[in-house]
Amino acid sequence: MLKTTPFHSRTAPLVRAQTWRRWAGHQVASAYEPLPEHEYAAIRNAAALFDVSPLHKYRITGPQAAHLLDRMVTRDLAKCAVGQVLYTPWCDAKGKVIDDGTISRLDRSTFRLTSAEPNLRWLSMNAVGLDVRIEDVSDRVGALALQGPLSREILRQVSPADFDALKYFRLVSTTVRDVPVTISRTGYTGDLGYEIWVDAANAVAVWDALIETGTPYGITPAGIWALDLARIEAGLVMLDVDYFSAHHALIPDQLSTPFELNLGWTVSLEKGPYNGRRALREEKARGPSWSFVGIEVQWESLEAIFAERGLPPHLPNIAWRTSAPVYKGNQQVGYATSGCWSPLLKKNIALAHVMQPHIAIDSEVRLEVTVEHRRKQADAFVRKLPFFDPPRKRA
Amino acid sequence: MTKARRYDAIIIGGGHNGLVAAAYLARAGRKTLVLERRPLLGGAAVTEEIFPGFKFSVFSYVVSLLRPEIIRDLELPKHGLQILPLESTVTPMDNGDYLASWADPDESRRELERHSRRDAEAAVVFGRLMHHMAMAVKPIIGMVPPDPSSLSRSDLSSLVKLGGHMRSLGAERFHALHKLMTMSSADYLDEWYEFDPLKATKSASGIIGTFLGPRSPGSAYVLLHHYMGEIDGAFRAWGFQKGGTGAISESIASAARAHGAEIRTDAAVDRVLVRNGRATGVALSNGDQIDAAVVVSSLDPRHTFLDLVGEAELPGELVDAVKRYKFRGSSGKVNLALSGLPRFTCMPGPGRHLRGAMSISPSVEYLERAYDDAKYGEFSRNPYMDIVIPSMIDPGMAPPGQHVMSIFVQYAPYHINGGWTDAKREAFGNAVIRTLARYAPNIESLILHKQVLTPADIEQITGLSEGNIFQGELALQQLFFLRPAAGWAKYRTPIRGYWQCGAGTHPGGGIMGASGRLAALQIVGTK
């Protein structure tokens, strides 16, 4: 049996087409409606409510908690004030990414780390000799993501916190209808949005409060299909889809460094020793051999490929996650790992790894597409990520 | 009188086609000026806050056929285009039941099976045929209409291409296309379906904006227009624009400005200046004159030819043709500000059906009787209505918990017995509310504000002659190489340097932008 989340009693009756999927051993909704279009639209137009409880969550406390995290992740914890959240990957000694997630500094010596995979063992190994306590609180903390342009309006109605003062990647300890929560201005959609962290025992009350208050604002429970479209538009990587953990990779080709995942901005070269620092410094000096970019398929080219078979272009409702080769001339120069039709941008987009330094931003490449059982190559442009970055995200 | 600096092109009218033309001309490097009479842009695609806190797409209310190439060429998503899904259609029936069509094909099939197993199966085959029909017609929408009577090289080559395209359809589909072009929508649908509310709801899309009933020959063709949206559905350009249809106009205007076009509102054009058979600029109502090498009118053919230029400058046949060109506005609009959600008897309570369209089309006879009233010069006592609640899709359209409702109403003939008066308008609005109340009894108690627009109001506010929402009926005798008149379907006029780009030219109708784009490409290609 898969585990259920603290919100299951509320989400389960809403999953009309029984479109469930697994996420970190949990049962979560792919979509509540048979198709994810309304749920996606809510992210970009109103507010979408996601149950993101399956994230692994660790509470790290003690005088040397910051030191532990600093030793482990690529970002500089000295720059993480109380009430701040950092997004960061972490690497093995060779600078290859193990996982990525967020670190919230709840007070001077208390942090919450989220991750896609279990990291208790890795945390413990890095904590040897440090005065620090690590707890896996994954099952004890429920998490909701409220994402979209009206998310702030809704939260204002249910919580006394000052949301105008809550900046991007900051958090606040507050209440939702008298239930204690932390609310961080974070998310996986590239839009204005918040994540709400609550004791599992009180989870349902928070869900109910948000749905009740949010309904006049168009709040819409949304599943992973909708989230996937948004995160591709936002150019955000996903473990096991866009890259493999260094803990699981079977061959060197499956490994990636932060630089190769467009996460060079998270790598501090100045701070004290951490896993992979030397390798990353060397890579920085040398220049990475791959980059992670956007691919924008040219519509006319796609239309022509379909027209050859007498069809109008067919576009999927949900994102694809199969690897598709990227070509330049007769050479394969990379591969796309996920992509979708962006309902907002009206573009066929993908996330791809391309070889460096040969493939520049805005250069022309071709992406393999299969039309009526035949492999074809559609003309495409390499684009800088993200595809979508609205000012309201930070405003 | 002041003489302003010279422009390469002046566009008269800031409706969506005028703005599209301006954007394409500016994109081609032309120094372009748009002149709009009203204080806001958009023509019939405008959003206005008619009642404090409530925003309405006052006239045109959904995006259906906006050309994908325009969205791409002008990068409209970057300029604010954001189309939200609006997919279900629910038809309340007189026995308290309903017929629904949902976004999910399985759900829709199950729903139809509830009423007729035969129709549920026929729908699959019908859908495939209409797909092929729409594919057949699609290239026509994207082309400058060739004149079949002309022997010019470009006309002949277009005709040959078109002929080849038609031959490639094969006999079965060609015959089906012929039927679609000539039959009434009721007769055509009778060949396929048995369930009356289904036939009625489908044929309703065949009468929108025309002075035809579901049993009038020629109405089947308009069915096809509906399916055109479906094949472009791949591009998903169908739905509700965030912020209302005015936001589409604004996005096109923003694209035009980004390419360097200048746009002026509150700038009514009085007439086009013509010297020696050539347009030299425009004169504004305030007396200003502005020179330009090219003048483009996005207004309907009556304004374009008879008002802005005048009969004296035009060949007699064209004047006759424009005078005979059929406007005959047949629809009205009722916009409501509501304090809460309506409760439909057939589907009580809030629900996803309120995020789609509600169609008041219980039977083909109902629609035909609605037409009968109009035929004899009265508004329909029991009209066809297409109802959407935009605030259910875009919460920004109304204060939280309150709603805006848009009701498209047919028939409301422009030529009503005794002419439109305030009393007639009031009576028309009451007939609409009364009809709606039969299906949603709480509607009257929710109304905070009511705006009733008759074809006469539409004409007066937007300038659309006789209030026709398509700048002239989409009837076969005035489509393709006959739109707006034989010999003048290629966006030109008899006056050199004077062009037309409104929906009164091919292919016209809806927030498509195709006329504006094709006209601009013709102008750029000519000079």
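This report walks through the domains, the barrel, a helix pair and the chain contact of the structure above.

The model is predicted, so local features need pLDDT of at least 70 and side-chain atom pairs count only at pLDDT 80 or more, while totals for chains, interfaces and linings use all residues. Residues are numbered from 1 along each chain as its sequence is written, with chains lettered from A and ligands numbered from 1 in the order in which they are written.

Let's start with the domains. Chain A is split into domain 1 (8-55 + 139-222), domain 2 (57-136) and domain 3 (252-256 + 289-391); the bounds come from an automatic or database domain assignment. The C-alpha centres of domain 1 and domain 2 of chain A are 24 Å apart. Their contact (C-beta atoms, placed from the backbone, within 7 Å) uses 9 residues from domain 1 of chain A and 8 residues from domain 2 of chain A.

Next, the barrel. In chain A, 6 strands close up in the order β14-β17-β16-β15-β18-β19, with antiparallel pairing. Pairing here takes at least two DSSP bridges; strands are DSSP runs of E, at least two residues, and helices are runs of H or I, at least four, both numbered from the N terminus. From one strand to the next, the twist averages 40 degrees.

| Strands | Bridges | Residues standing opposite |
|---|---|---|
| β18 (364-371) and β19 (374-383), chain A | 8 bridges | E368(A) and Q377(A) |
| β10 (269-275) and β11 (278-284), chain B | 6 bridges | R271(B) and A283(B) |

The chain B hairpin has 2 residues between its strands, and N276(B) takes a positive phi near 50 degrees there.

Now for the helices. α2 (37-45) and α7 (224-233) of chain A pack at about 45 degrees, with axes 8 Å apart. Axes are lines fitted to C-alpha atoms, for helices over the stretch in contact, and angles run from 0 to 180 degrees between N-to-C directions. α2(A) and α7(A) are therefore oblique to each other (under 35 degrees is roughly parallel, over 145 roughly antiparallel, 65 to 115 roughly perpendicular, the rest oblique). E39(A), Y40(A) and I43(A) of α2(A) meet A226(A), L229(A) and A230(A) of α7(A).

Finally, the chain contact draws 19 residues from chain B and 21 residues from chain A. The chain B side divides into 11 nonpolar, 2 polar and 6 charged; Ala, Val, Leu, Ile, Met, Phe, Trp, Tyr, Cys and Pro count as nonpolar, Asp, Glu, Lys and Arg as charged, and the others, Gly among them, as polar.

Key:
Contact = placed C-beta atoms within 7 Å.
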